[in-house]
Structures are given as C-alpha cells and as structure tokens.
Amino acid sequence: NSLSEPIAPSRLDVVRNRPLLTLMLGHLTVDMYAGVLPILYPLLTEKFDLKLSTVGLVAFAYSGMASLSQPLFGWIADRYGTRLIGLCLMWTAATFSVLGFVPSFAWLIAVAALAGIGSGAYHPMGALNASAVISEGQRNTAMSIYVMGGTLGIAIGPLIGAAFFALLGIHGTVAMVVPGMAIAVWMLFEMRTISQRLTRRPRTGAVAAPPIPVGPLAVVIGMMMLRAWTMFGIQSFIPTWYKDLGYGASFYSLLATTLLLTSALGTVGSGSLADTYGRRVLLLISSVLSVPSILLFAQFPGWPAFGSAALIGLLAASTGPLLLVIAQQLMAGRAGMASGLILGLGFVMGAIGVPIMGAIADAHGIQNAMRFQAVVAAGTIVLSWFLPTEGRIRELTSSPSSAGARSANAAVAGTGGDGD
C-alpha cells in the first residue's frame, strides 16, 4: 500500500475518544432520572390515589417539557455553543430530588415539568457535540455510543430507584441529587477542553446551508415518534403491570432494566452494522421483527418476558441513533436544531402516548394496552420503506456547486459507508 493512502479509522478510536465518553457519561446520568420515574408510579398512585391514565400525566409533564424545549436549546447550541452543558444536569438533579416531597398532585406535575427542562437542554447539546468530536466515517458508531449512555442510564434507573425507595420510601428522591451534581461538576471542568477543540474546527455548514428536504425529514421524525411511543409506553407500565400481577419491585425493576440494557447493547451493534451495510435496510429489518417481539412480551408475562423484552430492546430501541444521524445529515449546517427537533418530537410522542396507553389500560387492561403497542410498531414498517438511502441523502443535501466535488469523493471513498 502507498504511504499516501488515508489510514482508515480504527473502531477503537471511538471508545478511546475522551470527549465522546464524557458526553456519554453525562447522557447516562441525565437519562437515569427518566428511568427512575416509572418506579415512582406505584408510590404515587398510593399517595395521591391516581388512575393509570392520570399517573401517566407525570411522564407527560416531564417528557413533554423536555420535548418542547429541545428545538429551542438546539438553536441555542448552534448559535452560542455548549460550554455550560453541565448546568443542564445540575438543574435536573435538583428539581427531581424534590418530587417525593410535593404536597399535591398539581405540584407534582409542575415539578416534573421543571425537571424535564434540564433533559430538554442536555439532549440537543450533547448530540451536537457527539457528532462533532469524531471522524465522519464513524458517525453512526459514535452517535450509537453516545445514545448508549442514555439508554444505560434509563436501564440502571429502575435499579437505583428501587434501592432508594426501598430504604427511604417516596422520599428517596432526595438521594438522587448526589449523582447528578457530582457528574455535572466534573462535566463543567471537562467541557472547557472539549469546547476549545470544537471551536477550532471549521464551521462549513454556517456559510450556506442547503434547503431542508421536508419529505424525507418528516419520514424520519414519524419513525422516531412511533418508536418513542412504543418504548415509553412499555417501559412506563412494566412496574404497575407486574405489581398488579403480584411480583415484587426487584422483579419488575430487573425486567425494565433488561429491556433497556439490551437496547443499549444493540445501539452499539446497530451503529457498527450501519457503518458497514447502511441504515435503511437495518431499520426496515428491525421494524418487521419488532412486531412479533412485542406480541410475545404482551402474551407471556412473567419469566418468559425477559427474553421478549431483550428482543424488543435489541430491535425497537437500538436504532434510534441511526435516525438521529439521518436527521443531522438532512439538516446540514443545523445539527443542533436537527437533534432538538427529532429528539424533541420523539419525546413528545412518548409523552402523549403514555397517558393514551394508560387510558387503554384503564378500559381494557394493561395486557391489552401492551398488545396495542404492536400495532404502533407496525407503523414503522411502512415508514421505513420511505427512508432515504445514504446516496439519496447526499443528493438532497448537496448544493449544485459542490455536486461535482462530492461525486469525485464518492468515487474514491466507495459506497460501503455513510460518507457525509
């Protein structure tokens, strides 16, 4: 081989990337609070005498505020940078810690919404940085590593929540302030170096961003929304369903963790496979296989559910980072806004979907509400047919003046990866 040939990036470059791992740890911590929230539901229903549809409003408040604020914080990240991202984590830790002490249901909704603002700020800022601290050829894998941190946080959240609430009851939320504050302070120090590294990079998209292809972007957003509805709904009602079935907190917290932990593991695998084979085929296959996995989970509760939950995690949730990368590429030059938009609208659907699923559970039982999620998941099969390929994305986001240069680069790079 000629010495002038570019050296392909190693897969280990991703796991050795300190800025990326820093952002992943922050993502793990901020999403840990979302994982704790469903473990609170049985305690909240007892304290405030709530129905399933009503307790779902807590998730709606938290995720809804996080959703609505994400596009705004994405715009702020694009314009002013992300140096103080650690403050987002501080805010979530402080507000979440008082949830167990609120005197009324109205205060519970208000404080949950305030806690959601920190999550809404962190996600677009973190995703913007994660896509910028790694080489473009490993963007799918890098984003998968970053998202894996959030999924791991949601996965360990039920275990941490079960431990704290077993010791302190509903007032165990106060202990949740410690991990968030500790990681937030560390991130504020680390981001000094990371932000300097980012500002030295050329801002190629800031000069003349191409028009946004609305149709393909709508398909990506729709698919993210349906997948978020499925995962939010299943995760939120596992504790309540299994408590009604007579299982203890240790059982259903472990089941929820299994669902989310396998999603985290699948996230890394899906990113690596997408870098090699492309995203569209992977998203189509996972959509088709998700439907029977959800039906198995709903039909056979108990110990068999650990197997079906693992399948749901591997298939339905692990490909979210791929949709995020597609959105960032379709909105070239507006990566922060793209992250806020797709994550925000995904959270919105998840937030709206939880009380809808709760209403179905009140009327027809939680098991039938779980079966309903297979219908929701089937919608992603239709949408995945219309996802743009990597080549189509390059065509949609290329300006006429750069088309020739991109064609030449494609001839050299080949067609195996995602390119830009």
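Okay, housekeeping. Because the model is predicted, local features need pLDDT of at least 70 and side-chain atom pairs count only at pLDDT 80 or more, while totals for chains, interfaces and linings use all residues. Residues are numbered from 1 along each chain as its sequence is written, and side-chain values use heavy atoms, with hydrogens and water left out.

Let's go inside. Rolling a probe the size of a water molecule over the atoms shows where empty space is left. By cavity I mean a set of points, on a 1 Å grid over the protein atoms alone, where a 1.4 Å probe fits but cannot get out; lining residues have an atom within 4 Å of a point. Points are joined across faces, edges and corners, and volume is the space filled by probe spheres set on them.

The largest cavity holds about 680 Å³. It has 36 lining residues, and Asp-31, Ile-154, Met-231, Phe-232 and Phe-347 sit closest to its centre. That lining splits into 23 nonpolar, 11 polar and 2 charged residues. For the classes, Ala, Val, Leu, Ile, Met, Phe, Trp, Tyr, Cys and Pro are nonpolar, Asp, Glu, Lys and Arg are charged, and the others, Gly among them, are polar.

The second largest cavity is about 60 Å³. Helix α8 gives the most, with 4 residues; α10 and α14 (366-384) each supply at least two. Helices here are DSSP runs of H or I, at least four residues, numbered from the N terminus.

Staying with α8, which spans residues 214-244, that's where Gly-215 is. Buried or exposed, or in between? Gly-215 is partly exposed, because its relative accessibility is 45%, and the cut-offs are under 20% for buried and over 50% for exposed, with a 1.4 Å probe and protein chains only. Its C-alpha is 9.4 Å from that of Phe-386, 171 residues apart along the chain.

Leu-261, Leu-265, Leu-296, Phe-300, Leu-311 and Leu-314 make a nonpolar patch of about 530 Å². Patch members have over 30% relative accessible area and no salt bridge, with nonpolar side chains joined within 5 Å; a salt bridge is a Lys or Arg side-chain nitrogen within 4 Å of an Asp or Glu carboxyl oxygen. Areas are Shrake-Rupley, 1.4 Å probe. Helices α9 (249-277) and α11 (305-317) each supply at least two of the patch residues. Phe-300 is in the loop between α10 (279-299) and α11, and is partly exposed at 45%.

Notes
Patches are made of residues with over 30% relative accessible area and no salt bridge: like charges are joined within 9 Å, nonpolar side chains (Val, Leu, Ile, Met, Phe, Trp, Tyr) within 5 Å. On a 1 Å grid over the protein atoms alone, a cavity is a set of points where a 1.4 Å probe fits but cannot get out, and a pocket is an open set with protein on both sides within 12 Å along at least five of seven lines; lining residues have an atom within 4 Å of a point.
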